[in-house]
Amino acid sequence: MAVELQTYKSETKPDWCPGCGDFAVLNALTKALQTLGIPPWQVLVVSGIGCSSNLPGFLSAYGFHGIHGRAVPVATGAKLANPELTVIAAGGDGDGYGIGAGHFVHAMRRNLDITYVVMNNEIYGLTTGQASPTSEREHRTKSTPEGVIENPLNPLALALASGATFVARGFSGDVKTLTDVMVRAIKHKGFSLVDVMSPCVTYNKVNTYDWFRQRVYVVDKEGHDPKDRMAAWARASEWPNLDMKRDRVPTGVIYEADYPTYEDLEPAYRHGVPAKQKLGIADPEDVLKQFF
Ligand code: SF4
C-alpha cells in the first residue's frame, strides 16, 4: 500500500538538541515504514524514558510512552493482544540495556515478532550526562569524573546469547544503511534488535559522529553471511570488548535466522486474534454488578 511520507509525520516537532543522532533514527524508521507500505494505523511505537523515548510523539502512528525500562514488556503485551499490529519498541541504552535489561533478555528468548530500536549514545542524555551501561572504560562523565571503571555491555553479543533471531547495528551518520537495516528488521518474523549508534552531541564528547566515521564499516561489504552464527559472534565481539580494541565498529545485519515465533506456537491464537475476539460476556451489566 502506497503511503505518503508526510502521513507518518506528527504535528509535534522533535525537541531534541540540534544535531542529535535521534533525528536520523526517526527519519530512517519513517522511511522504512513507507518502503514496506505499512500504514500508520497499523503501527504501534512503544517507548520508555529518555530523550530517545520521546520518539513516538514525533510519529503519526499509535504510540505509548511507558515508564523507565518498560518499553519491551508493554510492546509484548500489545503484540500478544493484537499480533496483526506492527509493534516497534524504541528507547535508549540506559532505558533498554540498564533498567530494562531483564525484559530485554526475556523478550529475545520468547521471539515475539517485535522490532526493538535502541538509540545507543553511550550516556544518559536526559539526566545530563551520566555513565550508562554502554559507556566504555575510562570515559569521564558527570557520574565518573575519574573515568568509568566498569566494562561496557555488548548489546549485539547479549542479543545473540539470548536468542534474538535478528541482530543488527546502524549509525545515525549513515541513514541509508540504517534505513535498509530497519526495513529488514521490521520485515523479519521474530524479535529484531537494531542497536543504533546515535551520538549525543551535548553530553558525549567522546563518541561523536567523527569518532564513529573513523571506525564504522558495513558488514555486507566484507561478504558477511548473517546466517552464519559463528561469524555473527565474531562481528559482534569486535566492539565493544574487554580488550578496549576500538578500531572497527561493525554495522549492518549481523545475524538473521528463521525460527518459530512466539505467536506461531501460542495455543491461544488457534481461536484468532485476541483483540478481535468477543469477550464472551452476554451482559456486561452482570459483571459490573459483582463489584457494587
Ligand atoms: Fe540528543 Fe543528547 Fe540532546 Fe538528549 S541531550 S536530545 S540525547 S543530543
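Predicted model: local features only at pLDDT ≥ 70, side-chain atom pairs only at ≥ 80, totals over all residues.
In what order do the eight strands of the open sheet lie? The legends below take up this question and then move to single residues.

View 1. Totals for chains, interfaces and linings use all residues, and side-chain values use heavy atoms, with hydrogens and water left out. The eight strands form an open sheet in the order 2-1-3-4-6-5-8-7, and their pairing is mixed. Because strand 2 (62-65) and strand 7 (216-218) stand at the edges with a single partner strand each, one side of each is left without a neighbour in the sheet. From one strand to the next, the twist averages 20°. Strands, like helices, are DSSP runs numbered from the N terminus, with at least two residues (E) for a strand and at least four (H or I) for a helix; two strands count as paired if DSSP finds at least two bridges between them. Strands of a sheet pair through backbone hydrogen bonds, either parallel or antiparallel.

**View 2. Strand 6 and its two partner strands.** Strand 6 (residues 192-197) pairs with strand 4 (residues 114-120) in the parallel sense over six bridges, and six bridges also join strand 6 to strand 5 (residues 166-171), again in parallel. Strand 5, helix 6 (residues 175-187) and strand 6 together make a right-handed β-α-β unit; right-handed here means that, with the strands pointing away from the viewer, the path from the first strand over the helix to the second runs clockwise.

View 3. Are the residues of strand 6 buried or exposed? Six of its six residues are buried, a word used for a relative accessible area under 20%, whereas exposed means over 50% and partly exposed lies in between (1.4 Å probe, protein chains only). In a regular strand the side chains alternate between the two faces of the sheet. In strand 6, Ser192, Val194 and Val196 are buried on one side, and Leu193, Asp195 and Met197 are buried on the other.

View 4. Arg169 and Asp195 form a salt bridge in which the closest N and O atoms are 3.3 Å apart; the term stands for a side-chain nitrogen of Lys or Arg within 4 Å of a carboxyl oxygen of Asp or Glu. Because Arg169 lies in strand 5 and Asp195 in strand 6, the pair ties together parts that are 26 residues apart in sequence. Arg169 is buried, with a relative accessible area of 0%, and Asp195 is buried too, with a value of 0%.

View 5. Asp113 forms a salt bridge with Lys189, with 3.3 Å between the closest N and O atoms. Asp113 lies in the loop between helix 4 and strand 4, and Lys189 in the loop between helix 6 and strand 6, so the pair ties together parts that are 76 residues apart in sequence. Asp113 is buried, with a relative accessible area of 13%, whereas Lys189 is exposed at 54%.

**View 6. The loop between helix 8 and strand 8.** The side chains of Glu238 and Arg248 meet in a salt bridge (3.5 Å, N to O). Both lie in the loop between helix 8 and strand 8, so the pair ties together parts that are 10 residues apart in sequence. Salt bridges that share partners join Glu222, Arg235, Glu238 and Arg248 into one network. Pro240 lies in the loop between helix 8 (229-236) and strand 8 (249-256), and the peptide bond from Trp239 to Pro240 is cis, with omega near -10°.

**View 7. Two residues with positive phi.** Most residues other than glycine have a negative phi, and most peptide bonds are trans. Asn111, which is not a glycine, has a positive phi of about 60°; Asn111 is placed in the loop between helix 4 (101-110) and strand 4, and it counts as buried at 5% relative accessibility. Thr128 has a phi near 75°, also a positive value, and is placed in the loop between strand 4 and helix 5 (155-162).

Conventions. Residues numbered from 1 in each chain as written. Axes fitted to C-alpha atoms, helices over the stretch in contact; angles between N-to-C directions.
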